[in-house]
Amino acid sequence: MKGICGYWNLDGQPADHAAPMRMADLLRRNGRGDSTRWVSGSVAIGQATWSPRESPATAAILADKLSGCVVVADARLDERNRLIEALG
């Protein structure tokens with residue numbers, strides 16, 4: 001499981017790069033697991049993994065440089081390989 005946090009400065013001010021890590025660290029249970037962040041412009045996203053046993057591959061904040069799309073989720077994806085093939 002993951003804890004997800006973030007914020008967007010609607011006034012356009014730059015996001016604090018340390019803030020999502022502070023928020024994510026507060027979400028971690030018993031100090032275990034890992035925290036990651038993504039910050040760009042006025043938007044900051046953080047994530048805390050609640051179990052050190054989770055695969056690091058599932059603990060990423062995914063950012064596509066071409067489209068600018070950023071995704072962070074605590075989700076289960078069935079038939080992942082089929083979906084990847086279909087999306088190219």
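Contact here means heavy atoms within 4.5 Å. Helices (H or I, at least four residues) and strands (E, at least two) are DSSP runs, numbered from the N terminus.

A word on the basis of these values: this is a predicted model, in which local features need pLDDT of at least 70 and side-chain atom pairs count only at pLDDT 80 or more, while totals for chains, interfaces and linings use all residues. Residues are numbered from 1 along each chain as its sequence is written, and side-chain values use heavy atoms, with hydrogens and water left out.

Now step back to the whole chain. The protein chain contains two helices and five strands, and along the sequence they follow the pattern β-α-β-β-β-β-α. Among the contacts in the protein chain with a separation of 6 or more, 45% are between residues 24 or more positions apart. The accessible surface comes to about 6500 Å², and carbon and sulfur atoms own 54% of that; such areas come from the Shrake-Rupley method with a 1.4 Å probe, and for residues only the protein chains shown count as cover. Of the 88 residues, 24% count as buried. Buried stands for under 20% relative accessible area, exposed for over 50%, and partly exposed for what falls in between (1.4 Å probe, protein chains only).

Two strands pair if DSSP finds at least two bridges between them.

Elsewhere along E3, Ile 45 has Trp 38 opposite. Six of the seven residues of E3 are buried, so this strand is largely enclosed by the rest of the structure. The hairpin of E2 and E3 has two residues between the strands, and Gly 41 in this hairpin takes a positive phi near 60°.

Back on H1, what is the state of Leu 26, buried or exposed? Leu 26 lies in helix H1 and is exposed, with a relative accessible area of 74%. Its C-alpha atom is separated by 8.4 Å from that of Ala 48, which is 22 residues apart along the chain.

Next come the charges. Two salt bridges are found in a search of the whole structure, each being a side-chain nitrogen of Lys or Arg within 4 Å of a carboxyl oxygen of Asp or Glu. One joins Arg 22 to Asp 16, with the closest N and O atoms 3.0 Å apart. Arg 22 counts as partly exposed because its relative accessibility is 48%, and Asp 16, at 34%, also counts as partly exposed. The other joins Glu 79 to Arg 82, with the closest N and O atoms 2.7 Å apart; both Glu 79 and Arg 82 are exposed.

Glu 79 leads us to the end of the chain. Glu 79 sits in the loop between strand E5 (70-71) and H2, and has a positive phi of about 50° although it is not a glycine. Most residues other than glycine have a negative phi. Of the eight residues of H2, the number buried is zero, so this helix lies largely in the open. Leu 83 is placed in helix H2 (residues 80-87) and, at 35% relative accessibility, counts as partly exposed. Together, Leu 77, Leu 83 and Leu 87 make a nonpolar surface patch of about 300 Å². Patches are made of residues with over 30% relative accessible area and no salt bridge, with like charges joined within 9 Å and nonpolar side chains (Val, Leu, Ile, Met, Phe, Trp, Tyr) within 5 Å. After H2 comes Gly 88, whose phi is positive, near 80°.
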